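Morning, everyone. Please look at the chain on the screen, and I will walk you through it.

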Amino acid sequence: MNFDPLAPFYGAMEFLAAGGKLQRCRLEFLDEIPKPRQVLLAGEGHGRFLPECVRRFPEARIVVVDSSERMLGIARDKVEPERVEFIHADLLNWPGPPQRFDLIVTNFFLDCFPPDELAVVVDRLGEMAAPDANWLLADFEIPTRTLARLRSRIIVTILYGFFRIACGLKADSLVSPDAILQKAGFSKQRRMTSEWGLLKSEWWGRA
Ligand SMILES: C[S@@+](CC[C@H](N)C(=O)[O-])C[C@H]1O[C@@H](n2cnc3c(N)ncnc32)[C@H](O)[C@@H]1O
């Protein structure tokens, strides 16, 4: 999986396809969580969330990890670089610091993984999370209501097809991370859905 080829166009693609909808989803609970001191943005990509995080939490140490060098470069240009540590690494292998981060953020990231890899990546992030950590995530979802379900299925199938061709994405369907997050000691604090249930924002916490 390699997001480098898409990186220069990613922001424009998001704007054309979704306007501000994904960003609203990313920011849904950002003003409600306790102020973090150590933040990990996993698979932050082109850095839509990062400047908002920097602005709201001026005291926090923020680490961004992404496997795409070009995505990291675009995110780096959106903030004062001394405020943030950028790490080019694959989160399936990155030996991150244990129990360090009191905020983990995975926006439109967990949907990149097939079930076996999803379990590995959530477990690893869980090991890096502090005992009182919060976890914000935004992602796509297939709702249960019939028409909304059909609509979401069509959109998600098109998205997976596109990212398979453009980036070599291995995953071909959405897998819920809920059971793995619970196993890692997190429970769902808040949840919001939008776009007929296609988009979800969730706040999970360990406290
Ligand atoms: C679909 S994009 C989402 C970007 C951004 N978080 C957002 O909200 O739009 C997924 C991002 O995760 C990164 N990524 C995918 N697999 C990864 C891995 N195993 N380790 C680190 N980053 C990864 C990609 O390079 C890409 O930047």
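**A walk through the chain**

Let's start at one residue, Leu174. Leu174 sits in the loop between α6 (146-167) and α7 (178-183). Keep in mind that this is a predicted model.

Being buried would take 20 or more.

What does Leu174 touch, leaving out residues up to four places away in sequence? The list is Asp111, Phe140, Glu141, Ile142 and Val156. Take Asp111. Along the chain, Asp111 and Leu174 are 63 residues apart. Their C-alpha atoms are separated by 5.8 Å.

Now step back to the chain. How many helices and strands are there? Seven helices and seven strands. Reading from the N terminus, the order is α-α-β-α-β-α-β-β-α-β-α-α-β-β.

Next, overall dimensions. A compact globule of 207 residues would have a radius of gyration near 17 Å. The chain has 16 Å, which agrees. Along the principal axes, the C-alpha atoms fill a box of roughly 45 × 35 × 30 Å. Buried residues are 34% of the 207. Then look at contacts with a separation of 6 or more: 71% of them link residues 24 or more positions apart.

Helix α1 covers residues 7-18, twelve residues in total. At 1.5 Å a residue, α1 should span 16 Å; the end C-alpha atoms of α1 are 17 Å apart, which agrees. After α1 comes Gly19, with a positive phi near 55 degrees.

Helix α5 covers residues 115-128. Its 14 residues should span 20 Å at 1.5 Å a residue, and its end C-alpha atoms are 20 Å apart, so the two agree. Which residues of α5 are buried? They are Val121, Val122, Leu125 and Met128. Seen down the axis of α5, these buried residues fall within an arc of 120 degrees, so they line one face of the helix. The face turned away from that buried side carries Pro115 and Asp116, both exposed. What covers the buried residues of α5? The cover includes β1 (38-42), β4 (101-107), β5 (129-140) and α7.

Conventions
Residues numbered from 1 in each chain as written. Predicted model: local features only at pLDDT ≥ 70, side-chain atom pairs only at ≥ 80, totals over all residues. Helix = DSSP H or I, 4+ residues; strand = E, 2+ residues; numbered from the N terminus. Rg over C-alpha atoms; globule rule 2.2 N^0.38 Å. Buried ≥ 20, exposed ≤ 12 C-beta atoms within 10 Å, placed from the backbone. Contact = placed C-beta atoms within 7 Å. Expected span 1.5 Å × (residues − 1). Arc of directions from axis to C-beta.
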